[in-house]
Amino acid sequence: RIEVSPVSLNSDEKLFIDKLKGYCDANPAEFLDKRMYLLRNKSKVGMGFFEAGNFYPDFIMWIAKDDRQQITFIDPKGIRMLEKNINNPKTNFYKTIKDLEIRLQQTCKEKQITLDSFIISGTLAADACASYNVKRQEFESRNVLFLEDEDCIEKMMNKVSLC
């Protein structure tokens with residue numbers, strides 16, 4: 001019996017990692033004066049958010065530069081199984097996390113901390129739009145991006161404040 005610890009990556013997680021690596025390799029100047037870490041979050045026992053329906057994002061991307069820190073929670077996943085309401089707690093977490101950011105910032109005056117959250121969907125955009133009955137722009141405005149898009153990582157990085 002073979003056991004992998006932590007749990008091995010699923011196909012959406014692997015594709016996300018490959019795309020993020022490709023983005024970093026293609027844009028080295030963007031990271032010259034920054035430190036970037038990508039952490040794997042433990043499912044159901046790692047960092048979770050009750051505010052988002054017990055949401056445990058798969059990855060935490062931490063980018064630091066001088067006195068600024070950008071912490072981004074990223075969950076590559078299919079969204080077909082989520083509640084079919086664009087206002088569900090997981091798709092609304094991009095907004096909820098800003099309340100947490102304000103509370104966190106009050107405890108750490110010497111650093112500027114920014115929090116963001118993204119779902120990088122393995123579900124095809126056309127299927128998600130049909131299932132939720134919304135347009136792609138509505139998903140993207142809520143930080144739900146699609147792995148099928150070659151520029152999904154670029155879109156995410158453009159929304160991340162520190163970059």
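Residues are numbered from 1 along each chain as its sequence is written, and side-chain values use heavy atoms, with hydrogens and water left out. As the model is predicted, local features need pLDDT of at least 70 and side-chain atom pairs count only at pLDDT 80 or more, while totals for chains, interfaces and linings use all residues.

The protein chain holds 5 helices and 5 strands, taken as DSSP runs numbered from the N terminus (helices: H or I, at least four residues; strands: E, at least two). Read from the N terminus, the order is α-β-β-β-α-β-α-α-β-α. Of the 163 residues, 43% are buried; here buried means under 20% relative accessible area, exposed over 50%, and partly exposed in between (1.4 Å probe, protein chains only). Among contacts (heavy atoms within 4.5 Å) with a separation of 6 or more, 61% are between residues 24 or more positions apart.

We can turn next to the interior. In soluble globular proteins, nonpolar side chains tend to be buried together. A nonpolar core is a set of buried Ala, Val, Leu, Ile, Met, Phe, Trp, Tyr and Cys residues joined through side-chain atoms within 4.5 Å. The largest such core has 18 residues, of which F16, M61, I74, I120, I153, M156 and M157 touch the most other members. Two or more residues each come from α1 (11–26), β2 (59–65), β4 (112–121) and α5 (152–159). Leaving aside neighbours within four places in sequence, F16 is in contact with L38, F59, I74, P76, I120, L147, I153 and M156. Another core, of 11 residues, lies apart from the largest one and includes I79, A125, A128 and C129.

Y37, L39 and W62 make a nonpolar surface patch of about 280 Å². Patches consist of residues with over 30% relative accessible area and no salt bridge, with like charges joined within 9 Å and nonpolar side chains (Val, Leu, Ile, Met, Phe, Trp, Tyr) within 5 Å. Y37 sits in strand β1 (residues 35–40) and is partly exposed, at 43% relative accessible area.

The charged pairs come next. The structure holds 14 salt bridges, each a side-chain nitrogen of Lys or Arg within 4 Å of a carboxyl oxygen of Asp or Glu. One of them joins K65 and D33 (2.8 Å, N to O). This pair links distant parts of the chain, with K65 in strand β2 and D33 in the loop between α1 and β1, 32 residues apart. E101 and K98 form another (2.9 Å, N to O); these two are separated by about one helical turn because they lie 3 residues apart in helix α2 (residues 93–107). E101 counts as buried at 17% relative accessibility, whereas K98 counts as partly exposed at 28%. A further bridge joins R136 and D149 (2.5 Å, N to O), and R136, E140, E148, D149, D151 and K155 are linked in a network of salt bridges.

Finally, R142 lies in the loop between α4 (136–141) and β5 (144–146) and is buried, with a relative accessible area of 10%. Its side chain is joined to that of E138 by a polar contact of 2.7 Å, that is, a pair of N or O atoms within 3.5 Å; within protein, one must be able to donate a hydrogen and the other to accept it, and residues adjacent in sequence count only if both atoms are side-chain atoms.

Conventions:
Areas by Shrake-Rupley, 256 points an atom, 1.4 Å probe, with all protein chains shown as cover.
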